[in-house]
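Dear colleague,

I am passing on the structure we spoke about, with the sequence alongside. Please open both before you read my notes below.

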Amino acid sequence: MSNSRAQLLLSERLNEAIASLDSIPVARVTGRLVKVNGLMMQAVGCRFRLEQRCLVETAEGSMIEAQVVGFDHNVAYLMPIRRLGGLFAGAKVVPLDGDSTVHIGHQWLGRVVNGLGEVLDDGPALKGGERVSLEARQINPLKRRPVDTPLDVGVRTINGLLTIGKGQRIGLMAGSGVGKSVLLGMLTKNTQADVIVVGLIGERGREVREFIERNLTPQARQKAIIIAAPADESPLMRLRATLLCHRVAEYFRDQGNDVLLLMDSLTRYAMAQREIALALGEPPATRGYPPSVFGILPQLLERAGNSENPDGSLTAIYTVLAEGDDQLDPVVDSARAILDGHVVLSRQLAEQGHYPAIDINASISRCMTACTHPSHAMVASQFRHFYANYLQVKELLPLGGYQPGQDPELDQAVAMYPGLKAYLQQSADETISYNDSLTELAHLFQDNGTGAV
């Protein structure tokens, strides 16, 4: 064999050997599962990082995705993203590199996904798009664009008396069965936005389909993204779905779109965090909620709002469950302090058939004066004044305890009450534009000769 042929053969074998290196498995450090207590798993034998994703081996040979939520000396505490099943002592725990990421793009519009970005509808799998991290990008507070433009939500009471601005964050606060979901559906159908992101977190599973079929018109469905994590999902999945809602909304806001984020509910998010914190041994502080719950709420809510981008906005509306209709519930009280306003729904009004059951005197929009004309704000203030005056004498009217003619302001409030009440009521399938809301409000005072226009 000639030297040239030998060299050629040697070169070919060397190239084949180099190419085969990619197929040789690389040694990887893994941990071992040593204990499972409820939803909490304990693993040892590896350096785990807080919030690191891991894969846990099952008896069937499949892998369950979990996340590190705490540690104690050399023991790491993991919680599964999906429900547990098939675990065994000594199971292999494989740590994953990198942060939690997801591919987001315009192909998400009109789709229903879970907290992992996996499709729940009958459409094709979501592929392509931009790879983004679920971690929040902190915005310099001095560079945030101010809230100065009114947002038309199609609900007369909110448009006229509790005007919401583009980039504002507001809460719908009420007990169970008072109409939060119905009002949320009205806002979904009627609000003028380029993209609508709806998070159904910790609610009943049947409500996911009902919300889509009842509250989304074909036009709204095309620009809506539904992210669902029902009550039977793990607490970590509910947390991840909440973070995904905000990350998707942030992505489209940074693309220059006017985004409406609707989340039902913020309380279920707090409850999921409570489950994790209590399982880790954190002591309960306020009505069973550990201190960490009230630490993560502002971190989440500050992600919404406007950014430094001159185009695009992110308006967020959260439902907050007031257990037992208690407006001093710790989650309600904390959300009220962080958000830019709140709409309180009254059980008493709901029982009277008054819908939407908005307690106008207990509600406020902190950005209303910044995004409305001074004359509009003045009329809205006088509406509240007359409505509050009527409530002072409401219980005396059937008993004959109120005598007209003694106080002109009270007389005016009693005379105006039918018009005030009619203005506050609206059927679920009715849409009242922002301009029509202002026109009806102005006519209400003109017709009664108050001169407050």
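This is a predicted model: local features need pLDDT of at least 70, side-chain atom pairs count only at pLDDT 80 or more; totals for chains, interfaces and linings use all residues.

I begin with the helix pair, since two packed helices are described by the angle between their axes and the distance between the axes. Helix H6, which covers residues 235-254, packs with helix H7, residues 266-279, at an angle of about 135°, and their axes are 9 Å apart. Angles over 145 degrees would count as roughly antiparallel and those from 65 to 115 as roughly perpendicular, and H6 and H7 are therefore oblique to each other. Their crossing is left-handed. On the H6 side the contact is made by Pro-235, Leu-236, Arg-238, Leu-239 and Thr-242, while H7 contributes Arg-268, Tyr-269, Ala-272, Gln-273, Glu-275 and Ile-276. Of the residues in this contact of H6 with H7, six are nonpolar, two are polar and three are charged.

Turning to the sheet, there is an open one of eight strands with mixed pairing, in the order E8-E14-E13-E15-E16-E12-E17-E18. Its edge strands, each pairing on one side only, are E8 (112-113) and E18 (364-365). E8 pairs with strand E14, residues 224-229, in the parallel sense over two bridges, and Val-113 stands opposite Ile-227 in E14.

Finally, helix H3, residues 180-190, lies across strands E12 (169-174), E13 (195-201), E15 (258-264) and E16 (313-321), and runs at about 165° to E16.

Terms used: Residues are numbered from 1 along each chain as its sequence is written. Side-chain values use heavy atoms; hydrogens and water are left out. Axes are lines fitted to C-alpha atoms, for helices over the stretch in contact, and angles run from 0 to 180 degrees between N-to-C directions. Helices (H or I, at least four residues) and strands (E, at least two) are DSSP runs, numbered from the N terminus. Angles under 35 degrees count as roughly parallel, over 145 as roughly antiparallel, 65 to 115 as roughly perpendicular and the rest as oblique. A crossing is left-handed if the near helix is turned anticlockwise from the far one by less than a right angle, and right-handed if clockwise. Contact means heavy atoms within 4.5 Å. Ala, Val, Leu, Ile, Met, Phe, Trp, Tyr, Cys and Pro count as nonpolar, Asp, Glu, Lys and Arg as charged, and the others, Gly among them, as polar. Two strands pair if DSSP finds at least two bridges between them.
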